[in-house]
Amino acid sequence: DYMENVLHPLLKQKASKKTMILPHNIFYSFEEFKKYFLSIVAIGGEGVVLKSLDSVYENKRSAFWCKVKNFFSGDFKVVGYTIGTKGKNKGFLKALTISYNGIKTGVGSGYSEKERKQFLKKQPKLIEVEYFCITKDGKLFHPTFQRVRTEKDEESLK
């Protein structure tokens with residue numbers, strides 16, 4: 001029985017104190033969805049989950065459900081880097097280190113294999129980073145490299 005085998009164990013977990021059933025909204029346009037999404041973010045919500053009307057819940061990653069979160073983007077000066085010591089990035093760039101308000105954060109995802117090799121030889125001075133939020137200790141949460149910014153971009157920041 002689905003209720004007994006799947007839902008009951010989930011609800012017994014510590015996180016279950018936050019488990020709730022929410023009303024479903026049907027959107028007929030992107031503008032309707034965007035207005036709703038921004039209203040959720042405005043009250044402190046992390047985002048929303050989209051699914052088709054006929055999809056069922058699977059207790060795993062699913063091709064039928066899509067989590068949509070609000071991300072931010074900014075340009076940051078590169079102040080260092082780390083080299084991978086194991087796995088597929090061993091000997092290549094592991095992460096570029098950026099500084100935000102004097103606090104350093106490693107940006108380890110979003111690079112192509114070519115960029116990991118290239119940035120190990122010569123690090124960019126300024127990069128665009130997408131992130132979910134800023135943590136209580138001032139670091140960027142889930143930072144992802146987007147692109148190298150040019151010196152012209154750097155001049156416009158001054």
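## Strand pairing

Two strands count as paired if DSSP finds at least two bridges between them. In this predicted model, strand β3 (residues 72–83) and strand β6 (residues 126–131) are joined by six bridges and pair in the antiparallel sense. Across this pairing, D75 stands opposite E128 in β6.

## The sheet and its helix

β3 and β6 belong to an open sheet of five strands, whose order is β5-β4-β3-β6-β9 with antiparallel pairing. β5 (103–107) and β9 (144–148) are the edge strands, each with pairing on one side only. On average, and with direction ignored, neighbouring strands of this sheet are turned by 45° against each other.

Helix α3 (residues 113–121) packs on the sheet, where it touches β3, β4 (93–100) and β9. The direction of α3 makes about 65° with that of β4.

## T97 in strand β4

Strand β4 contains T97. This residue counts as buried because its relative accessible area is 15%, and the cut-off for buried is under 20%. Neighbours within four places in sequence aside, the contacts of T97 are K77, V78, V79, G80, Y81, K104, T105 and G106.

## The protein overall

The protein has four helices and nine strands, which follow the pattern α-α-β-β-β-β-β-α-β-β-β-β-α along the sequence. Among contacts with a separation of 6 or more, 46% are between residues 24 or more positions apart.

Of the 158 residues, 24% count as buried.

Terms used:
Residues are numbered from 1 along each chain as its sequence is written. This is a predicted model: local features need pLDDT of at least 70, side-chain atom pairs count only at pLDDT 80 or more; totals for chains, interfaces and linings use all residues. Side-chain values use heavy atoms; hydrogens and water are left out. Helices (H or I, at least four residues) and strands (E, at least two) are DSSP runs, numbered from the N terminus. Axes are lines fitted to C-alpha atoms, for helices over the stretch in contact, and angles run from 0 to 180 degrees between N-to-C directions. Contact means heavy atoms within 4.5 Å. Buried means under 20% relative accessible area, exposed over 50%, partly exposed in between (1.4 Å probe, protein chains only).
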